[in-house]
Amino acid sequence: MEKFLTFINSIDWVFAGIVLIGGRYWGSKYFVVSKNPSWNFLLFATAFGLIWLGIKYATTGAFKNEWANLFITYLFVTSFYEILAKRLFEWIEGLFPKKQNDD
């Protein structure tokens, strides 16, 4: 149980939330590099992670344990998205009908 708590405490939840929500909505709409949405999410998470790490390094010096925590968070978020979050997002989006544009 102690290792599980260490794992949970090492996750940067702000970074995780931004990658999950940003990757699903902003990344899938504007960060399209492949026809496969899973690849787009993964590439968005990678790009955003590198930018986030650069900002942390420039502002606070980004200590070695932060690098490890961001890597663990990156692995957790990308796996969690593929296993559960993608289906959860699709279910929630299905509850709200899309507006159709009458052009």
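I took a pocket to be an open set of points on a 1 Å grid over the protein atoms alone, with protein on both sides within 12 Å along at least five of seven lines.

The model is predicted, so local features need pLDDT of at least 70 and side-chain atom pairs pLDDT 80 or more, while totals for chains, interfaces and linings use all residues. Residues are numbered from 1 along each chain as its sequence is written, and side-chain values use heavy atoms, without hydrogens and water.

Which residues line the largest pocket? I listed Phe15, Thr46, Gly49, Leu50, Leu53, Trp67, Leu70, Phe71 and Tyr74 (each has an atom within 4 Å of a point). Helix 3 and helix 4 each supply at least two residues of this lining; helices are DSSP runs of H or I, at least four residues, numbered from the N terminus. I sorted the lining into seven nonpolar, two polar and no charged residues. Here Ala, Val, Leu, Ile, Met, Phe, Trp, Tyr, Cys and Pro count as nonpolar, Asp, Glu, Lys and Arg as charged, and the others, Gly among them, as polar.

**Rings.** I found eight aromatic pairs. Rings of Phe, Tyr and Trp (its six-membered ring) pair if their centres lie within 6.5 Å; planes under 30 degrees apart are stacked, over 60 edge-to-face, the rest tilted. One of the pairs is Trp13 with Phe76, edge-to-face at 5.8 Å centre to centre and 80° between the planes. This pair links helix 2 (residues 13–30) to helix 4 (residues 64–95), 63 residues apart.

I then noted Phe15 and Trp52, a tilted pair at 5.6 Å and 45°. Phe15 lies in helix 2 and Trp52 in helix 3 (residues 37–60), so the pair ties together parts 37 residues apart in sequence. Both Phe15 and Trp52 are buried (under 20% relative accessible area, with exposed over 50% and partly exposed in between, 1.4 Å probe, protein chains only). Ring pairs join Phe15, Phe44, Phe48 and Trp52 in a cluster.

**Salt bridges.** I found two salt bridges (a side-chain nitrogen of Lys or Arg within 4 Å of a carboxyl oxygen of Asp or Glu). Arg24 meets Glu93 at 2.8 Å, N to O. Arg24 is in helix 2 and Glu93 in helix 4, so parts 69 residues apart in sequence are tied together. Arg24 counts as buried because its relative accessibility is 13%. Lys86 meets Glu82 at 3.3 Å, N to O; both lie in helix 4, four residues apart.

Methods. 1 Å grid on protein atoms, 1.4 Å probe; cavity = no way out; pocket = protein on both sides within 12 Å on 5 of 7 lines; lining within 4 Å.
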